Amino acid sequence: MPFSIRQPASPSPPPGNNSDSDASFDSEGDSTMLETRPSKRAKTSGNSIVTPGEVVTDDPQWMRGHGTYTTPQSPTIHATVAGTLQKTNKLLSVLPLRARYVPEIGDLVVGRIVEVQTKRWRVDVASPLLAHLPLSAINLPGGILRKRTSTDELAIRSFFCEGDLLVAEVQSIYADGAASLHTRSLKYGKLRNGVFLSVAGMGGGKGGVVRSRRQVWTVSTGNRGGEVDVVLGVNGYIWICAHSGISEKEAEKQKQISITRMEESVDSSIYSSRNDEIRAETRREIARLAGCVRSLVEGGVRVDEEMVMRAYEASLDLEVGEEGESEARGYLGDGKRKRLVPNALAARS
């Protein structure tokens, strides 16, 4: 039986595309990304969200900043991260929605010990690299000022061990970007008697801790809760604890110490890992402050002393007039948390 060989038919183009289109397709029928994007005007609004690779603008009058890039062949500015567009004069930059904290000298940070080495600790401060806390950068019990010896190295775990939380200050930055910390001041050191929160920091995104005039302050709470300390780490780690009050005798003793010899008042109790007994009223107000911080973060509002205090006062106002037990009234959940942020912003205005 005779047979004939026919030339194969050319593949038909994908539906919905014209043959004169500028886009090209590979052997699988997928676009090769050679099509040109339509030019866009600069999105100078603070609410504009861009995605990686998106064209921000093709106007040559704009300069590219952080989170953007250009090619040598074209002045078109593209976004490299997903975030909000920011405009500073003629400079365009993209603030990422989520990013790691980048340490800067002088920042107050809250960290967790993750590794103990011979002469230093490695601390997690939510940065790309672990921070370092040298043994020579802490206060010894008794305020002794001397060179650290092998005895101190053997007792290094008596100061900090794995899992301990601390508040410290960034002293310097290494060439690779890692931070070097110190706790030589009496306001720094080991943290206890409180609750730990992790929110967005200065790395990026809305609703996070921002650098402000004060990162540590004491709140005189209501409902007989006493005084509560709040520590806002610039890296997004927050510590809320009962105020560590001192007796009148100890306060009078500290007044007699010279400001240049204040470290002499340091004793071994600052490195204790045992929590003190905390009253139920104080624990309830600590939980209330933690709920206020979470509400601010969920509402996309910055977290600083002013907004935390406004949110706390608004939570007390919401409690007035509610029926039920005191524990139920202090619970910030369901619809109450959604009403808290608008009330705090209204009080601000």
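## Cysteines

Cysteine 241 is buried, having a relative accessible area of 9%, where buried means under 20% relative accessible area, exposed means over 50%, and partly exposed lies in between, with a 1.4 Å probe and protein chains only. Cysteine 292 also counts as buried, at 0% relative accessibility. A search of the whole structure finds zero disulfides, a disulfide being a pair of cysteine sulfur atoms within 2.5 Å.

## Basis and confidence of the model

This is a predicted model, in which local features need pLDDT of at least 70 and side-chain atom pairs count only at pLDDT 80 or more, while totals for chains, interfaces and linings use all residues. Residues are numbered from 1 along each chain as its sequence is written, and side-chain values use heavy atoms, with hydrogens and water left out.

The protein chain averages a pLDDT of 79, and 71% of the residues score at least 70; pLDDT is the predictor's confidence in each residue, from 0 to 100. Over residues 247–251 the pLDDT stays under 50, and the model has one contact for this stretch beyond four places in sequence, a contact meaning heavy atoms within 4.5 Å. For residues 324–328 the pLDDT is likewise below 50, with four contacts in the model beyond near neighbours in sequence. Where pLDDT is low, the predicted coordinates should not be read in detail.

## The chain as a whole

The secondary structure of the protein chain comes to six helices and 17 strands; these are DSSP runs numbered from the N terminus, helices being H or I with at least four residues and strands being E with at least two. Of the 349 residues in the chain, 36% count as buried, and the chain exposes about 20900 Å², of which carbon and sulfur atoms supply 50%. These accessible areas come from the Shrake-Rupley method with a 1.4 Å probe, and for residues only the protein chains shown count as cover. Among contacts with a separation of 6 or more, 60% are between residues 24 or more positions apart.

## Strand pairing

An open sheet of four strands has the order S1-S6-S7-S3, with mixed pairing; two strands pair if DSSP finds at least two bridges between them. Strands S1 (49–50) and S3 (63–64) stand at the edges with a single partner strand each, so one side of each is left without a neighbour in the sheet. S1 runs antiparallel to strand S6 (residues 83–88), joined by two bridges, and valine 50 stands opposite glycine 83 in S6.

Elsewhere in the chain, strand S8 (residues 108–116) is joined to strand S11 (residues 165–173) by five bridges in an antiparallel arrangement, with valine 110 opposite valine 167 in S11. S8 also pairs in the antiparallel sense with strand S9 (residues 120–124), over four bridges, and here isoleucine 113 stands opposite valine 123 in S9. A hairpin of three residues joins S8 to S9.

Threonine 70 lies in strand S4 (residues 68–71) and is partly exposed, with a relative accessible area of 31%. Leaving aside residues up to four places away in sequence, threonine 70 touches Arg64, Pro75, Thr76 and Ile77.
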